[in-house]
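Hi,

Here is the structure I promised to pass on to you. My notes on it follow below.

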Amino acid sequence: MRFFSFKIIAFLICAFSLSAYGQGGGDRVYTFQDHASIFGKNNISLSLIPLLRQGFEVNYDRRLVERHWLRLSPIYFRIEDYKQSFPEDMRRLTGYGAKFSHKYFPYANTEKKLGFFLSYGPTYQYIDLETKNHKRVVFDKIGFECVIGTRKVFLNVFYYEFHIGLASNYLNVRNDETADWRAVLEKHNTMWFDYGKTGNFVTLGFSLGVLF
(Lines give C-alpha, C1' and ligand atoms only; values in the text may rest on other atoms or scores of the structure.)
Protein backbone atom coordinates (compact mmCIF):
# COMPACT_ATOMS: atom_id res chain seq x y z
CA MET A 1 0.00 0.00 0.00
CA ARG A 2 2.88 2.35 0.70
CA PHE A 3 4.13 1.97 -2.88
CA PHE A 4 0.76 2.79 -4.43
CA SER A 5 0.07 5.69 -2.06
CA PHE A 6 3.38 7.25 -3.12
CA LYS A 7 2.29 7.08 -6.76
CA ILE A 8 -0.90 8.95 -5.98
CA ILE A 9 0.94 11.63 -3.99
CA ALA A 10 3.54 12.04 -6.75
CA PHE A 11 0.88 12.45 -9.40
CA LEU A 12 -1.04 15.04 -7.41
CA ILE A 13 2.08 17.09 -6.70
CA CYS A 14 3.13 17.13 -10.34
CA ALA A 15 -0.37 17.85 -11.65
CA PHE A 16 -0.93 20.72 -9.22
CA SER A 17 2.45 22.31 -9.91
CA LEU A 18 2.09 22.20 -13.67
CA SER A 19 -1.54 23.33 -13.78
CA ALA A 20 -0.70 26.29 -11.55
CA TYR A 21 2.09 27.30 -13.91
CA GLY A 22 -0.19 27.01 -16.93
CA GLN A 23 -2.84 29.25 -15.36
CA GLY A 24 -0.25 31.98 -14.96
CA GLY A 25 0.21 32.11 -18.75
CA GLY A 26 -3.36 31.42 -19.78
CA ASP A 27 -3.39 34.24 -22.30
CA ARG A 28 -0.79 32.38 -24.35
CA VAL A 29 -2.24 28.88 -24.28
CA TYR A 30 -1.94 27.49 -27.77
CA THR A 31 -4.63 25.97 -29.95
CA PHE A 32 -4.76 22.47 -31.37
CA GLN A 33 -3.34 23.74 -34.68
CA ASP A 34 -0.47 25.48 -32.90
CA HIS A 35 0.45 22.30 -31.09
CA ALA A 36 0.61 20.26 -34.29
CA SER A 37 2.75 22.84 -36.06
CA ILE A 38 5.23 23.12 -33.15
CA PHE A 39 5.70 19.50 -32.05
CA GLY A 40 4.62 17.44 -35.06
CA LYS A 41 2.88 14.09 -34.69
CA ASN A 42 5.79 11.71 -34.03
CA ASN A 43 8.99 12.29 -32.05
CA ILE A 44 12.09 10.16 -31.52
CA SER A 45 14.71 11.12 -28.94
CA LEU A 46 17.74 9.72 -27.13
CA SER A 47 18.06 10.02 -23.35
CA LEU A 48 21.54 11.26 -22.49
CA ILE A 49 21.81 10.49 -18.76
CA PRO A 50 21.70 6.67 -19.20
CA LEU A 51 24.74 6.96 -21.50
CA LEU A 52 26.78 8.03 -18.46
CA ARG A 53 26.08 4.60 -16.95
CA GLN A 54 26.69 2.63 -20.16
CA GLY A 55 22.96 2.40 -20.83
CA PHE A 56 20.83 3.13 -23.87
CA GLU A 57 17.31 4.55 -23.76
CA VAL A 58 15.40 5.72 -26.82
CA ASN A 59 11.99 7.43 -26.65
CA TYR A 60 9.19 7.31 -29.18
CA ASP A 61 6.39 9.87 -28.70
CA ARG A 62 3.10 9.70 -30.60
CA ARG A 63 0.54 12.49 -30.46
CA LEU A 64 -2.98 11.21 -29.95
CA VAL A 65 -5.43 14.11 -29.70
CA GLU A 66 -4.81 17.79 -29.06
CA ARG A 67 -2.12 17.99 -26.34
CA HIS A 68 -2.10 14.32 -25.33
CA TRP A 69 0.79 12.02 -26.21
CA LEU A 70 1.86 8.45 -25.51
CA ARG A 71 5.54 7.60 -24.98
CA LEU A 72 7.29 4.23 -25.23
CA SER A 73 10.92 4.07 -24.06
CA PRO A 74 12.85 0.81 -24.63
CA ILE A 75 15.92 0.46 -22.37
CA TYR A 76 19.05 -1.64 -22.80
CA PHE A 77 22.37 -1.66 -20.94
CA ARG A 78 25.49 -3.81 -20.76
CA ILE A 79 28.67 -3.28 -18.77
CA GLU A 80 31.67 -5.65 -18.65
CA ASP A 81 34.76 -5.02 -16.52
CA TYR A 82 34.00 -1.33 -16.50
CA LYS A 83 37.00 0.03 -14.58
CA GLN A 84 35.27 3.25 -13.56
CA SER A 85 32.15 1.50 -12.36
CA PHE A 86 30.68 2.15 -8.93
CA PRO A 87 30.82 0.01 -6.91
CA GLU A 88 34.17 -1.51 -7.80
CA ASP A 89 33.12 -5.13 -7.30
CA MET A 90 30.89 -5.16 -10.39
CA ARG A 91 32.23 -7.43 -13.17
CA ARG A 92 29.25 -7.62 -15.51
CA LEU A 93 25.81 -6.07 -15.68
CA THR A 94 23.23 -6.58 -18.41
CA GLY A 95 19.58 -5.70 -18.59
CA TYR A 96 16.64 -4.42 -20.54
CA GLY A 97 13.30 -2.81 -19.87
CA ALA A 98 10.79 -0.22 -20.96
CA LYS A 99 8.86 2.82 -19.80
CA PHE A 100 5.33 3.61 -20.90
CA SER A 101 3.81 6.99 -20.14
CA HIS A 102 1.08 9.47 -20.92
CA LYS A 103 2.27 13.02 -21.62
CA TYR A 104 0.13 16.13 -21.48
CA PHE A 105 1.10 19.66 -22.59
CA PRO A 106 -1.10 22.24 -20.80
CA TYR A 107 0.92 25.30 -21.84
CA ALA A 108 3.31 26.49 -24.55
CA ASN A 109 4.75 29.66 -26.00
CA THR A 110 4.16 29.40 -29.74
CA GLU A 111 6.65 32.12 -30.64
CA LYS A 112 9.52 30.57 -28.67
CA LYS A 113 8.41 27.01 -29.54
CA LEU A 114 8.67 26.11 -25.89
CA GLY A 115 6.28 23.77 -24.11
CA PHE A 116 5.72 22.47 -20.57
CA PHE A 117 4.39 18.99 -19.89
CA LEU A 118 3.29 16.49 -17.28
CA SER A 119 4.20 12.84 -17.84
CA TYR A 120 3.44 9.74 -15.77
CA GLY A 121 3.43 5.98 -16.22
CA PRO A 122 4.80 2.55 -15.25
CA THR A 123 8.38 1.32 -15.65
CA TYR A 124 9.98 -2.12 -15.83
CA GLN A 125 13.60 -3.34 -15.87
CA TYR A 126 15.20 -6.79 -15.86
CA ILE A 127 18.77 -6.82 -14.51
CA ASP A 128 21.42 -9.56 -14.37
CA LEU A 129 24.43 -8.58 -12.24
CA GLU A 130 27.64 -10.49 -11.52
CA THR A 131 30.39 -9.38 -9.14
CA LYS A 132 34.12 -9.93 -9.62
CA ASN A 133 34.04 -12.86 -7.19
CA HIS A 134 31.35 -14.41 -9.44
CA LYS A 135 28.35 -13.84 -7.21
CA ARG A 136 25.31 -13.41 -9.41
CA VAL A 137 21.96 -11.83 -8.70
CA VAL A 138 19.01 -11.46 -11.09
CA PHE A 139 16.13 -9.16 -10.30
CA ASP A 140 13.21 -7.20 -11.72
CA LYS A 141 12.41 -3.57 -10.98
CA ILE A 142 8.76 -2.58 -11.29
CA GLY A 143 7.96 1.06 -10.73
CA PHE A 144 6.17 4.27 -11.57
CA GLU A 145 7.33 7.76 -12.55
CA CYS A 146 5.64 11.15 -12.49
CA VAL A 147 7.60 14.11 -13.88
CA ILE A 148 7.18 17.67 -15.05
CA GLY A 149 9.34 18.96 -17.85
CA THR A 150 9.98 21.39 -20.65
CA ARG A 151 10.55 20.95 -24.37
CA LYS A 152 12.31 23.43 -26.65
CA VAL A 153 12.17 23.10 -30.44
CA PHE A 154 15.05 24.50 -32.51
CA LEU A 155 15.68 24.63 -36.26
CA ASN A 156 12.02 23.56 -36.63
CA VAL A 157 13.02 19.89 -36.62
CA PHE A 158 15.09 19.18 -33.50
CA TYR A 159 14.24 19.57 -29.84
CA TYR A 160 15.56 18.95 -26.37
CA GLU A 161 13.68 18.02 -23.21
CA PHE A 162 14.47 18.28 -19.53
CA HIS A 163 12.35 16.79 -16.78
CA ILE A 164 12.39 16.33 -13.01
CA GLY A 165 9.99 14.37 -10.87
CA LEU A 166 9.35 11.56 -8.45
CA ALA A 167 9.84 7.83 -9.01
CA SER A 168 9.34 4.65 -7.06
CA ASN A 169 10.67 1.14 -7.74
CA TYR A 170 9.82 -2.23 -6.25
CA LEU A 171 12.57 -4.84 -6.52
CA ASN A 172 11.85 -8.55 -7.03
CA VAL A 173 14.90 -10.83 -6.64
CA ARG A 174 14.59 -13.98 -8.77
CA ASN A 175 17.21 -16.05 -6.97
CA ASP A 176 17.39 -16.69 -3.23
CA GLU A 177 17.73 -13.37 -1.41
CA THR A 178 20.39 -14.38 1.08
CA ALA A 179 22.44 -11.94 3.12
CA ASP A 180 25.17 -11.99 0.45
CA TRP A 181 22.75 -10.87 -2.27
CA ARG A 182 21.33 -8.12 -0.09
CA ALA A 183 24.84 -6.77 0.47
CA VAL A 184 25.47 -6.70 -3.29
CA LEU A 185 22.21 -4.90 -3.99
CA GLU A 186 22.84 -2.33 -1.28
CA LYS A 187 26.01 -1.25 -3.08
CA HIS A 188 23.96 -0.61 -6.22
CA ASN A 189 21.20 1.24 -4.40
CA THR A 190 22.88 4.47 -3.29
CA MET A 191 22.44 7.09 -6.04
CA TRP A 192 19.22 7.83 -7.93
CA PHE A 193 20.75 6.63 -11.22
CA ASP A 194 22.05 3.29 -9.87
CA TYR A 195 20.63 0.26 -11.66
CA GLY A 196 19.63 -1.30 -8.35
CA LYS A 197 17.93 1.83 -7.00
CA THR A 198 14.63 1.07 -5.27
CA GLY A 199 12.18 2.85 -3.04
CA ASN A 200 11.13 6.47 -3.53
CA PHE A 201 13.51 8.99 -5.08
CA VAL A 202 13.83 12.09 -7.27
CA THR A 203 14.57 11.41 -10.95
CA LEU A 204 16.06 13.63 -13.67
CA GLY A 205 16.15 13.35 -17.43
CA PHE A 206 17.60 15.11 -20.46
CA SER A 207 17.12 14.07 -24.08
CA LEU A 208 17.72 15.23 -27.65
CA GLY A 209 15.34 14.38 -30.45
CA VAL A 210 13.82 14.97 -33.85
CA LEU A 211 10.16 15.58 -34.70
CA PHE A 212 8.23 14.65 -37.81
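The structure holds 11 salt bridges, a salt bridge being a side-chain nitrogen of Lys or Arg within 4 Å of a carboxyl oxygen of Asp or Glu. Please keep in mind that this is a predicted model: local features need pLDDT of at least 70, side-chain atom pairs count only at pLDDT 80 or more, and totals for chains, interfaces and linings use all residues. Residues are numbered from 1 along each chain as its sequence is written, and side-chain values use heavy atoms, with hydrogens and water left out.

Asp61, Arg71, Lys103, Arg151 and Glu161 are linked in a network of salt bridges. In it, Glu161 pairs with Arg151, their closest N and O atoms being 2.6 Å apart. Glu161 belongs to strand S7 and Arg151 to strand S6 (residues 136-154); strands are DSSP runs (E, at least two residues), numbered from the N terminus. Glu161 also meets Arg71 at 3.1 Å, N to O. Arg71 lies in strand S3 (residues 68-80), so this pair ties together parts that are 90 residues apart in sequence. Lys103 and Asp61 form a salt bridge at 3.2 Å between the closest N and O atoms.

Is Asp61 buried or exposed? Asp61 counts as buried, at 0% relative accessibility, where buried means under 20% relative accessible area, exposed over 50% and partly exposed in between (1.4 Å probe, protein chains only). Lys103 is buried at 1%, and Arg151 is buried at 0%.

Elsewhere, Leu208 sits in strand S8 and counts as partly exposed at 40% relative accessibility.

Best wishes

Terms used. Helices (H or I, at least four residues) and strands (E, at least two) are DSSP runs, numbered from the N terminus.
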